[in-house]
Amino acid sequence: MPLVYVLISGANPGGAFAANERDGAGLINRQAFNTFADRTFESARDKSQKSAIFKVEIDDYNDLADRFGQTAADNVVARTGERLVATMRDNDAVAHSGDYKFSVCLAPVRQLDLELCIQMAGRIQTALEEPVSIDGTAVYVTTSLGFCQLNQVITKSSKDWGEAAETALREAHNHGPSAIRAYSDEMKRKTEIRAELREEVSNALEKGHIRPWFQPQISTDTGRVTGFEALARWHHPDRGMISPADFLPAIEQADMLERLAEVMMFQALTAVKAWDSAGVNVPQVGVNFAGPELKNPKLVEKVQWELDRFELTPARLAVEVLETVVASAPDDVISRNINGLGQLGCRVDLDDFGTGHASIASIRRFSVSRIKIDRSFVMKADRDPEQQRMISAILTMAERLGIETLAEGVESAGEHALLAQLGCDHVQGFGIGKPMPFEDTIEWIKKHNSKLQDMPSIFDNRTG
Ligand code: C2E
Ligand code: CA
Ligand code: CA
């Protein structure tokens, strides 16, 4: 990206870094970095020049260490540092700022806008995400990156500037892997709201303010409802409805994901009972389990106990486990739990399939009953042959393994028709029905069923 180089001109306010301020890889030490940031802050302010601080972090560093060992992980960090130095200009400051985190402060320049910063961030990320060879094995890492342009912060010190970049990095991390975020005032507000939510979350869970909404899943063969997925919604007394993207980080930070799963499962099973009593046929309900909920050694017992209490057979509950969790599953307890739930007779849905790297061996090992094809493959599939090829490949694999399939995020009739034609078993998405409060589900099912009766021809030629 030569443009970036051309536009970035300007003197290094600190002059060249002294030899004793750099390590072998060319990274400067933390003190030298802070001094550089201070001076950049001052000089850029006075001369109306521009600068930005970038913070970059290796995603899933701990998984890396688990899988390849500490020495290999250290090597990856060292290579990342070298590459970052090589990517930046000589008079930019690049420092190691945490176990697997780096900071860059650009030497002041006359021209630097958001677009340029995004380009630079992309360039940094591309350089850092090249595979690293460890003992002849290519190790793939992804990085999250946050940055803050100096003119985006109203502050008296370079410390706040660095913290703003840190906030952007956290935001990138929350949307990761491999995300880039620019600091904005709105982000700061969101961070403040998150901090407040963190305080309120446990209370909200206990008071029943966090409840599931239900999204229908239907068979492509018969058109009938085959289940609902329970998706968490927070009905906040002041802020209105908050979606999981905004409150799950707060729950995670408050270490309450396990409690969320408990609440969601209880509500979901309550819903199943209510559907049964109302005489509508809903074979199963799906509940999301992220990593931490699966770490409780007593999970299988707990689920069994809940099912008994509701007098429901285990097959009525589908446990949704992310493909990424199954792919790594370094934790023995997690493996035992997924297996245990499968053996109990619960259904195991492999969520966001296609985004992780689950091996065929792990799909078999975890007795997965169904894979949920990620929305990214489904999007515009009716108009994109490449998407169709990917879906077909996944469907073929699933068929050979004797596993059912569901396509997520089906938004249009075209996508729905294509998936039916390719032989995907179930579909879920806004095109079929959006998530809704329990109170609306029975009405929805009845309407849906009567629509099916009105247009039997669509399905007749497939079932007959
Ligand atoms: P997910 O499990 O992949 O859930 C599907 C998400 O896609 C839901 O977002 C749903 O509303 C949305 N969606 C469904 N159909 C469509 C469509 O046609 N188009 C588009 N654009 N989106 C569609 P939601 O409810 O905001 O949930 C987001 C994520 O939060 C979920 O992704 C899940 O990972 C997590 N989540 C939700 N509830 C829970 C929970 O109780 N526990 C845990 N651990 N995670 C949860
Ligand atoms: Ca899910
Ligand atoms: Ca999903």
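Guide: Glu386 forms a salt bridge with Arg389, with 3.0 Å between the closest N and O atoms, a salt bridge being a side-chain nitrogen of Lys or Arg within 4 Å of a carboxyl oxygen of Asp or Glu. Both residues belong to helix α15 (residues 385–401), where they lie three residues apart, about one turn of the helix; helices (H or I, at least four residues) and strands (E, at least two) are DSSP runs, numbered from the N terminus. Glu386 is partly exposed at 42% relative accessibility, whereas Arg389, at 53%, counts as exposed; here buried means under 20% relative accessible area, exposed over 50%, and partly exposed in between (1.4 Å probe, protein chains only).

This is a predicted model, in which local features need pLDDT of at least 70 and side-chain atom pairs count only at pLDDT 80 or more, while totals for chains, interfaces and linings use all residues. Residues are numbered from 1 along each chain as its sequence is written, chains are lettered from A and ligands numbered from 1 in the order in which they are written, and side-chain values use heavy atoms, with hydrogens and water left out.

The structure holds 19 salt bridges. One of them joins the side chains of Lys101 and Glu166, at 2.5 Å from N to O, and this pair links distant parts of the chain, since Lys101 is in strand β3 (residues 101–105) and Glu166 in helix α6 (residues 158–174), 65 residues apart. Glu166 has a relative accessibility of 18% and therefore counts as buried.

Another salt bridge brings together the side chains of Glu411 and Arg375, at 3.6 Å from N to O. Glu411 lies in the loop between β15 (404–407) and α16 (413–422) and Arg375 in helix α14 (residues 375–378), so the pair ties together parts that are 36 residues apart in sequence. Glu411 is partly exposed, with a relative accessible area of 43%, and Arg375 is likewise partly exposed, at 41%. Elsewhere, a network of salt bridges links Glu206, Glu258, Arg259, Glu262 and Lys302.

The calcium ion (ligand 2) is coordinated by Glu229 (OE), Asn288 (OD1), Glu320 (OE) and Asp351 (OD), at 2.1 to 2.4 Å, where donors are N, O and S atoms within 2.8 Å of the metal (3.2 Å for Na, K and Ca), and water is not among the atoms, so sites may look incomplete. Asp351 bridges the calcium ion (ligand 2) and the calcium ion (ligand 3), which lie 4.0 Å apart.

Gln125, in helix α5 (residues 114–128), is buried, with a relative accessible area of 8%. A polar atom of the Gln125 side chain lies 3.4 Å from the backbone oxygen of Ser178. Not counting residues up to four places away in sequence, Gln125 touches Thr143, Ser144, Ser178, Ala179 and Ile180, contact meaning heavy atoms within 4.5 Å.

How values were computed. Polar contact = N/O pair within 3.5 Å; in protein donor to acceptor, adjacent residues only side chain to side chain.
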